[in-house]
Amino acid sequence: MMKAILLGMFVMYVLSGNFKVVKKKTKRPLASMKLVNVLSYETTVATNNTDGFPSLVTGPASGYMIVVGPLGGNSGASFTDENYWKKYGKKITAVRIHHGQIIDGIQFKYGDQWGPLHGGNGGALSTLDFTTQKISLVQGSYGHASTYYQPQPLVTSLSMIIDDGTVFGPFGMVWGPSYSPNTFISNPKPCHLAYVSGREGTVSTGQIRLYLVSLTLHWQC
């Protein structure tokens, strides 16, 4: 009897128009906006980038560049391969990497022309052929390799992946947690690595040697 009375009261309440169904609102996190710097291109467009690093997105409406970096230290002298990229076919066709416990140096071939060596020629030499493929991902690390290389952080390891999924590397090594390594993966889509810039500097290791201090990756999209 009591259930029937309560049910009747509920029906009358609903019919009165005072009854409302309230949907619970949930807060969705906003997509984080990456740091955008400005270079000498026609336009600048902010975008989200999934590789976790500050990105520069620039260019005319017909295409744009994404610049990731710098990845490494800020000592030494700066360099850029931009003129080689513009002059010799706008495609990386090979890479030479000098490596051991760190990345000693790196050299890119644009079309049929080798650019300059950035860093030194210590360690082993690996030559990578990209004649028929483009570089779609670069992965690596930078930081203090050991007390032997202090006080400046350096590029310590690199790997590259091309369009067909082939992996080249890793070259160098990622040092342990006590050296606070910084790791990165950069593969903005649909882009390929166009050229690099960065910094190179000398470190005293009993003798003065040249090393790769940092890399900045310029992606053509």
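Trainee: Which residues does His98 touch, not counting residues up to four places away in sequence?

Mentor: This is a predicted model: local features need pLDDT of at least 70, side-chain atom pairs count only at pLDDT 80 or more, and totals for chains, interfaces and linings use all residues. Residues are numbered from 1 along each chain as its sequence is written, and side-chain values use heavy atoms, with hydrogens and water left out. Contact means heavy atoms within 4.5 Å. On that basis, His98 touches Ile103, Asp104, Gly105, Leu117, Gly120, Asn121, Gly122, Ala124 and Leu125.

Trainee: Is His98 buried or exposed?

Mentor: Buried means under 20% relative accessible area, exposed over 50%, partly exposed in between (1.4 Å probe, protein chains only). His98 has a relative accessible area of 9%, so His98 is buried.

Trainee: Which cysteine does the disulfide join to Cys191?

Mentor: A disulfide here is a pair of cysteine sulfur atoms within 2.5 Å. A search of the whole structure finds 1. Its S to S distance is 1.9 Å, and the partner of Cys191 is Cys221.

Trainee: What is the handedness of the disulfide between Cys191 and Cys221?

Mentor: Look at the torsion about the S-S bond. For Cys191 and Cys221 the torsion is about 105 degrees, so the disulfide is right-handed.

Trainee: Which residue in β12 is the bridge partner of Gly140?

Mentor: Strands (E, at least two residues) are DSSP runs, numbered from the N terminus. Two strands pair if DSSP finds at least two bridges between them. Strand β9 (residues 135-143) and β12 pair in the antiparallel sense over 5 bridges. In β12, Gly140 has as its bridge partner Phe184.

Key: Helices (H or I, at least four residues) and strands (E, at least two) are DSSP runs, numbered from the N terminus.
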